[in-house]
Structure formats: C-alpha cells, structure tokens
Amino acid sequence: MSGRVEELGALEAMARPELEGAFEAFVVSHRERARRLAWRLVGGDLGAAEDVAQDAFLRAYRSLGRFRQEATLSTWFYRILVRQAANHRRWRQLRERMGGWGDPEAADPRVAPPGDPALRLRISSAMEELTGRQREVFVLIHLEGFTVRETAALLGRPEGTVKSHLHRALARLRQELADLRDLEGANS
Amino acid sequence: MNDREHDGREPWLEELDRHWRPEALDDVGRARFDARLRERMDATARPSLVRRLAPVAIALALMALAGLALRSPEVPPADETQLAAWEWELLLSDELNDEDSSTLPEEYSAIASAFLIR
C-alpha cells in the first residue's frame, strides 16, 4: 500500500488533478485486494466481484470531497466496498426468491479459480452457512488480514461484537470443514 | 484474543485461504479493469446528456405553459365580453320582466345569434 496515499494530507486542500492522481495511485495499490475481498464476500462470483469492486472505487471517487480524516482512506474505502457487497448479496437473495438467479456453479463462466474445484465448492457451501456479518468478519480478519479494531471501524460495530461474530464463524467453519483440517494434517 | 489473531492462524485456515480466492489479475485483466474504471470516472466528471438538456427542457415546458395560459378562457373574446355585459345589464333592468325584447339593443340580437351558432 502506498504510504503517500495512506497518509494523504487535507484532501480538500488538494488541487483536482493532484487529488485524482492520488486516487489513481490508491486504485493501483488496492485493486487486487478489493477484487479478492469482493469475490470472497459475494461468494465466488468473479463477474459480480469485479462489479462490486468497480462500484466501490467509483463511489469513493464521487465522494472524495466528503472524505474526512477521521478514518484512513483505505478503511473508508473498504467500508464502502463491504456495503456494496452486502447490497449485492441482498439483491441476489431477492432474485433467488423470485426464482431467477440460476446455478451458483455457473456464476463465473469466464475464469475457473485455481485449486481443487470440489474443495472450493465445499468451502463455498460452508461459507454460505454463515450469516452475512459472520462472513464479513471472518473474511476481513482471517483471510484479508484486517485487525479486530480495523474491522470494527470498517463495519461500524463495537470490537466486542466483532469478536463474537468471529468466534461463531470459526466454530461453524470448524464444524463444517473438519475434514479440511484432517486433509491438511495428512498432507503435512 | 489479541488484535492480530490472524497471525499464526490454524493450518486449516491457511488451506482455506489458499483455495478460497480468485485467480489474480494478469496484465490484460489489470488494464481492462483500469480502463473500465477510468471510463466510468470520466463519465462521472462529465455532465450527463440529461443534465445538459435539462435547461432546454425546462425552457420548453415554460413556453408550453405560457402558451396554454394565453389560450385559457380567462380572457374571453371581445364579443363574449360584450354579451356578458349586456346580460348583466338585462338582469338588473326592470325591462327584463316586461317580456318585451324590443328594448334590447339591436346589436345584442346579432351578437347573441352569432354566439349561439358558434
């Protein structure tokens, strides 16, 4: 992550071209992580993940004038992205209820992610068993490396609540993916 | 639980992390992503067609409203005004009860006929 971008001074005092330059640097340094986080939050649909990541960048760009230094630029941006992903999941659930989303396995026809497809499907099913908040907390902390404090700031929830969601998510996933642990143990 | 509980995580989490991720973008994917975002950002900065046409649409709507107002019956044609005035006069006149239309101005009959025909 670019320290220059992370430590942006008073954004409102920056000239527009300078601001846009700083934002472009931010996109370059965060694009991959944003896309991966979106992919994990929307449940492995690459097309949807790219849309969510793009929408989050665009929303952040449009709202740059409203950004205040209370949070880091990255915390502020990822808050937007997590909301975008949650909105996408809500819309998808609604469409599924109306009977029109299709086969989840066919959600990403362009690129097959690396790794064992059967294992990925099992992980995906286990992740689907989590509540939306449990999934967000688990992905942010255990897969994307955010701290509890950062996650709490990002989700606008107390740290205790975040820890509680994380505990439940871990318990659930341990139960669902017990053989994944065994598999790992056998391989090591 | 400390603040960096993802450090030193359990091995099965490493395995999950390894399998539960999309393929990283290659150069083409990165260029495509950036180009699409750049296009959308430029579109945001540019006033949309709707915004550009809005003043024209408002002006046309105002002109249409003004046209309707001019055609409204609030200002009746001269003949109708004249007719109404005479009718008002007749209502006030004692001669109305005489059933004698000979006292009406001759011009009244002509205008009244024209009005009724129309």
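This is a predicted model: local features need pLDDT of at least 70, side-chain atom pairs count only at pLDDT 80 or more; totals for chains, interfaces and linings use all residues.
**Exercise 1. Describe the extent of the interface between chain A and chain B.**

Solution. Start with the residues: 53 of chain A are in contact with 31 of chain B. Then take the area. The size of an interface is often given as the accessible area lost when the parts come together. Chain A and chain B bury about 4100 Å² between them, and 61% of this is on carbon and sulfur atoms.

**Exercise 2. Classify the packing of helix H6 of chain A against helix H1 of chain B.**

Solution. Two packed helices are described by the angle between their axes and the distance between the axes. For H6(A) (residues 132–143) and H1(B) (residues 11–19), the axes come within 11 Å and cross at roughly 100 degrees. Angles of 65 to 115 degrees count as roughly perpendicular, so H6(A) is roughly perpendicular to H1(B).

H6(A) contributes A:Phe138, A:His142 and A:Leu143 to the contact, and H1(B) contributes B:Leu13, B:Leu16 and B:Asp17. By class, four of these residues are nonpolar, one is polar and one is charged.

**Exercise 3. Work out how helix H4 of chain A packs against helix H7 of chain A.**

Solution. The axes of H4(A) (residues 73–97) and H7(A) (residues 148–155) come within 8 Å, crossing at roughly 60 degrees. The two helices are therefore oblique to each other. The crossing of H4(A) past H7(A) is right-handed.

On the H4(A) side the contact is made by A:Thr75, A:Tyr78, A:Arg79 and A:Val82, and on the H7(A) side by A:Ala153, A:Leu154 and A:Leu155. These divide into five nonpolar residues, one polar and one charged.

**Exercise 4. Repeat the analysis for helix H3 of chain A and H4(A).**

Solution. H3(A) spans residues 46–62, and its axis comes within 9 Å of that of H4(A) at a crossing angle of roughly 135 degrees. The pair is therefore oblique. H3(A) passes H4(A) in a right-handed crossing.

The residues of H3(A) that meet H4(A) are A:Ala48, A:Val52, A:Ala53, A:Asp55, A:Ala56, A:Phe57, A:Arg59 and A:Ala60. Facing them in H4(A) are A:Trp76, A:Phe77, A:Ile80, A:Leu81, A:Gln84, A:Ala85 and A:His88. By class, the contact has 11 nonpolar, two polar and two charged residues.

Conventions
Residues are numbered from 1 along each chain as its sequence is written. Chains are lettered from A and ligands numbered from 1 in the order in which they are written. Side-chain values use heavy atoms; hydrogens and water are left out. Axes are lines fitted to C-alpha atoms, for helices over the stretch in contact, and angles run from 0 to 180 degrees between N-to-C directions. Helices (H or I, at least four residues) and strands (E, at least two) are DSSP runs, numbered from the N terminus. Angles under 35 degrees count as roughly parallel, over 145 as roughly antiparallel, 65 to 115 as roughly perpendicular and the rest as oblique. A crossing is left-handed if the near helix is turned anticlockwise from the far one by less than a right angle, and right-handed if clockwise. Contact means heavy atoms within 4.5 Å. Ala, Val, Leu, Ile, Met, Phe, Trp, Tyr, Cys and Pro count as nonpolar, Asp, Glu, Lys and Arg as charged, and the others, Gly among them, as polar. Buried area is the accessible area (1.4 Å probe) that two parts lose on being put together, summed over both.
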